[in-house]
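Biologist: I am new to this one. Please show me the structure, and then I will ask about the terms.

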Amino acid sequence: MRRRKPPAGAVAKAPVGLPYPLIENWEWQDRAACRDVDPDLFFAAESERGLRKHAREVLAKSLCGTCPVRRECRDHALVVGEAYGVWGGTTEEEREPVLHARQH
């Protein structure tokens, strides 16, 4: 997933849960296996269900399995509470118990 880096000095304070917009906090994304892949592979369409959703997630997770920054991606999703998509080889359903446990 190609994310645009914030311009230097554009944000003085990070939104709650997000790391400060320093290049060191985001440079792992430049090494991601998905950096040039259509983000639709990682996020379900609103109407996507069942076997179609499962097949897309399997494909996304297989790409994650080749990624040198898989751990950083998964950790990012857990730290900021990413509620949607495949991040670091995990689906929202797989991350939900960890996110739920942190809220209690």
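This is a predicted model: local features need pLDDT of at least 70, side-chain atom pairs count only at pLDDT 80 or more; totals for chains, interfaces and linings use all residues.

Modeller: Residues are numbered from 1 along each chain as its sequence is written, and side-chain values use heavy atoms, with hydrogens and water left out.

Biologist: How do you know how confident the predictor is in the chain?

Modeller: From pLDDT, the predictor's confidence in each residue, from 0 to 100. The chain has a mean of 83. Of its residues, 74% reach 70 or more. Among the elements, helix 2 (residues 50-64) has the highest mean, 97. Helix 1 (residues 23-26) has the lowest, 68.

Biologist: What makes a run of residues a helix?

Modeller: A helix is a DSSP run of H or I with at least four residues; a strand is a run of E with at least two. Both are numbered from the N terminus. This chain has 4 helices and 0 strands. The order is therefore α-α-α-α from the N terminus on.

Biologist: Why is the pair E72 and R31 called a salt bridge?

Modeller: The definition asks for a side-chain nitrogen of Lys or Arg within 4 Å of a carboxyl oxygen of Asp or Glu. For E72 and R31, the N to O distance is 3.9 Å, so the pair qualifies. E72 sits in helix 3 (residues 70-80), and R31 in the loop between helix 1 and helix 2, 41 residues apart.

Biologist: Why is E72 called partly exposed?

Modeller: Buried means under 20% relative accessible area, exposed over 50%, and partly exposed in between (1.4 Å probe, protein chains only). E72 has 31%, so E72 falls in between. R31, at 41%, is partly exposed because that value also lies in between.

Biologist: What makes E94 and K61 a salt bridge?

Modeller: Their closest N and O atoms are 2.6 Å apart, so the pair meets the cut-off. E94 lies in helix 4 (residues 92-103) and K61 in helix 2, so the bridge ties together parts 33 residues apart in sequence. E94 is partly exposed at 40%. K61 is partly exposed at 28%.

Biologist: How many salt bridges does a search of the whole structure find?

Modeller: It finds 6. One of the pairs is D75 and R74, at 3.7 Å, N to O. Shared partners also join K53, E92 and E93 into one salt-bridge network.

Biologist: How much of the chain is buried?

Modeller: Buried residues make up 31% of the 104 residues.
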